[in-house]
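Hi everyone, thanks for coming. Let me put it on the screen.

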Amino acid sequence: MGRITLDQVSKSFGDVEVIPPLDLTIEDGEFTVFVGPSGCGKSTLLRLIAGLEDITSGQIRIDSQDATNVPPAKRGLAMVFQSYALYPHMSVRKNIAFPMKMAGIAQDEQDRRIEAATTALNLTDYLDRRPGQLSGGQRQRVAIGRAIVREPAAFLFDEPLSNLDAALRVGMRLEISELHERLKTTMIYVTHDQVEAMTMADKIVVLQAGVIEQVGSPLELYNTPCNRFVAGFIGSPKMNFLEGEAAAKYGAHSIGIRPEHLNISTDEGAWKATVGVAEHLGSDTFLYVHPEGNEGETMTVRVDGEFAVRHGDTVFLTPREDLIHKFDAEGLRIP
Amino acid sequence: MARSTTTQRKALNTAFAWGIGLLIFFPILWTILTSFKTEATAIADPPVFVGFEWTLENYTAVLERSNYARFLWNSIIIAGGSTILGIIIAVPAAWSMAFVPSKRTKDILMWMLSTKMLPAVGVLYPIYLLFIKLGILDTRVGLTIVLMLINLPIIVWMLYTYFKEIPGEILEAARMDGASLREEVIYILTPMAIPGIASTLLLNVILAWNEAFWTLNLTAAKAAPLTAFIASYSSPEGLFYAKLSAASTMAIAPILVLGWFSQKQLVSGLTFGAVK
């Protein structure tokens with residue numbers, strides 16, 4: 001079991017309040033991603049749940065037990081760190097066995113769990129190596145192995161993939177998702193990468209300056225972002241925002257339109273624009289265009305497949321009316 | 001062209017370093033040489049370097065007259081004991097300063113170091129009286145405690161710089177893995193800091209071994225270490241340079257050997273953290 005409830009939890013460092021009081025419930029077995037720009041308090045929030053930082057006020061409950069003053073060692077949670085935080089003086093086997101040794105688990109049970117974990121993580125050949133002799137991806141697997149064997153109530157991941165190169169990152173992302181499917185254990189995953197958030201999460205928590213902006217499934221956030229910040233943060237490439245006349249037509253202070261929701265044509269459309277940079281990827285074409293009368297602005301357009309235009313060409317854009325997001329002067333969504 | 005200048009430079013640097021090294025080593029070399037001379041050659045003017053008749057008579061004389069083994073044993077107990085005691089106290093102190101620093105940690109570190117700037121003789125009187133009151137004058141226990149306290153700031157500083165280099169996340173990982181504070185220190189921190197602890201140990205054994213002010217002032221006969229052994233051959237005996245040198249050589253020999261074999265450790269320990 002691993003249901004985690006935060007009740008009016010806040011955190012201050014000295015006089016600086018980094019997390020104003022917030023409420024959040026993470027259901028058992030859920031894959032929850034905390035996402036937000038750097039310094040938004042997502043890692044701090046994770047560390048509060050882990051117990052590595054003390055909360056300033058409020059209450060944390062794990063499976064309806066008050067865990068607010070329980071030390072990290074006794075919370076039954078496992079954590080995977082960005083730097084892997086392996087014990088450099090221990091072999092892979094000893095690293096993985098360490099939490100079980102601390103828990104006083106019998107030797108034969110330890111061996112059985114190490115065997116199971118290392119087989120699943122492809123680490124059987126490296127059991128006697130030291131962390132210094134492993135590649136980044138292997139180290140990350142050892143860190144995950146060390147987290148699995150103790151059979152925690154929940155896994156906490158603190159930007160676990162940000163030290164890996166791009167190709168490895170995609171692979172590990174799949175592995176972690178697979179792991180979640182198999183174990184069905186609660187996982188809380190911190191990242192600044194919205195692609196990781198979208199692809200892995202059951203539930204995304206978008207944070208900004210310590211405040212939860214929105215909680216929802218990836219597609220809820222994509223389809224109905226509750227404010228401009230979430231709208232701009234979720235989705236890649238970023239949503240285009242228009243203010244002034246174009247927005248007033250829709251009865252809004254500003255409107256947002258995703259790059260993939262703009263129809264493009266070389267002969268006619270709602271807005272005339274000049275093509276700036278054009279990225280032809282084969283599968284998609286990304287165009288960075290400057291709308292007529294407002295050349296300082298850049299709008300991003302994503303077209304499926306190839307769309308043969310070049311720098312300086314004129315194109316016409318038409319937004320798909322049903323997919324326009326409207327926001328008021330405070331940046332809140334207008335339904 | 002560029003290559004030849006670097007080679008020349010290298011040669012110059014090497015020669016310079018050797019010069020400095022020999023200059024520093026010369027007094028020790030001279031002591032060792034003198035210890036193998038007769039008293040007459042020892043005071044010869046101009047001094048004789050190698051062309052003299054080598055003799056062991058000073059060593060026999062010194063060994064006959066004083067109980068070298070007892071002084072040596074006292075030195076080992078005092079130097080070893082004060083270092084081990086110091087490490088036991090300094091590991092938790094350095095741990096807390098490195099990993100849970102407070103606003104005052106830096107000040108405390110500086111304050112501890114500042115005690116080393118006080119001339120020792122300034123506190124001789126109070127400490128001497130304290131020793132009499134506690135009945136530990138001329139005891140190994142008393143000296144062990146004093147030398148431990150004298151060197152504690154250095155031990156704490158060295159361990160502190162070492163611990164600072166250990167990533168905090170690794171200790172946090174241990175905490176998440178269910179380790180108590182004690183287990184964290186025993187299984188994670190100490191093994192990772194072994195090189196640092198080892199060089200701290202070594203340096204402090206050397207410092208305690210060579211410490212002469214307190215060992216001479218707070219001992220008479222029972223607890224006297226090798227420093228007192230050397231001192232007993234100086235002034236009251238008149239000009240017995242050869243015997244004094246023999247005693248000195250015997251006193252520094254163990255620590256010289258220890259230092260020679262562990263110089264790599266020592267250098268890496270002393271320069272640790274300096275490059276980062």
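Okay, start with chain B. From the N terminus on, its elements read α-α-α-α-α-α-α-α-α-α-α-α-α. That comes to 13 helices and zero strands. Before I go on, please keep in mind that this is a predicted model.

How far does chain B reach? Along its principal axes, the C-alpha trace spans about 75 × 70 × 30 Å. Chain B has 276 residues, and 32% of them are buried. Now look at contacts in chain B between residues at least 6 apart in sequence: 80% of those join residues at least 24 apart.

Next, where chain B meets chain A. How many residues does each chain bring to the contact? Chain B brings 15 and chain A brings 18. On the chain B side, helix H8 (168-176) and helix H9 (181-210) each supply at least two residues. H8(B) gives the most to that side, with six residues. And if you sort the chain B residues that touch chain A by type, you get eight nonpolar, two polar and five charged.

On to chain A. Here we have nine helices and 19 strands. The C-alpha trace of chain A spans about 75 × 45 × 30 Å along its principal axes. Of its 335 residues, 39% count as buried. For contacts in chain A between residues at least 6 apart in sequence, the share that joins residues at least 24 apart is 63%.

Chain A is split into domain 1 (4-232) and domain 2 (238-334). Taken over C-alpha atoms, the centres of those two domains of chain A are 37 Å apart. Where they touch, seven residues of domain 1 of chain A are in contact with ten residues of domain 2. The domain 1 side of that contact has four nonpolar residues, two polar and one charged.

Let's zoom in on one residue, Val9(A). You'll find Val9(A) in strand E1 of chain A, residues 4-13. Is Val9(A) buried or exposed? Val9(A) has 22 C-beta neighbours inside 10 Å, and the cut-off for buried is 20 or more, so Val9(A) counts as buried. Leaving out residues up to four places away in sequence, Val9(A) touches Pro21(A), Leu22(A), Leu48(A), Ile55(A), Gly58(A) and Ile60(A). Take Ile55(A) from that list: Ile55(A) is 46 residues from Val9(A) along the chain, yet their C-alpha atoms are separated by 6.7 Å.

Last stop, helix H3 of chain A, residues 107-120.

Which residues of H3(A) are buried? They are Ile114(A), Ala117(A) and Thr118(A). These three cover an arc of only 90° around the axis, so they sit on the same side of H3(A). Back on our helix, the buried residues of H3(A) pack against helix H2 (92-103) and helix H4 (136-148) of chain A. Over on the other side of H3(A), Asp108(A), Glu109(A), Glu115(A) and Thr119(A) are exposed. And after H3(A) comes Asn122(A), which has a positive phi, near 60°.

Technical notes: Residues numbered from 1 in each chain as written. Chains lettered and ligands numbered in written order. Predicted model: local features only at pLDDT ≥ 70, side-chain atom pairs only at ≥ 80, totals over all residues. Helix = DSSP H or I, 4+ residues; strand = E, 2+ residues; numbered from the N terminus. Buried ≥ 20, exposed ≤ 12 C-beta atoms within 10 Å, placed from the backbone. Contact = placed C-beta atoms within 7 Å. Nonpolar A, V, L, I, M, F, W, Y, C, P; charged D, E, K, R; others polar. Domains from an automatic or database assignment. Arc of directions from axis to C-beta.
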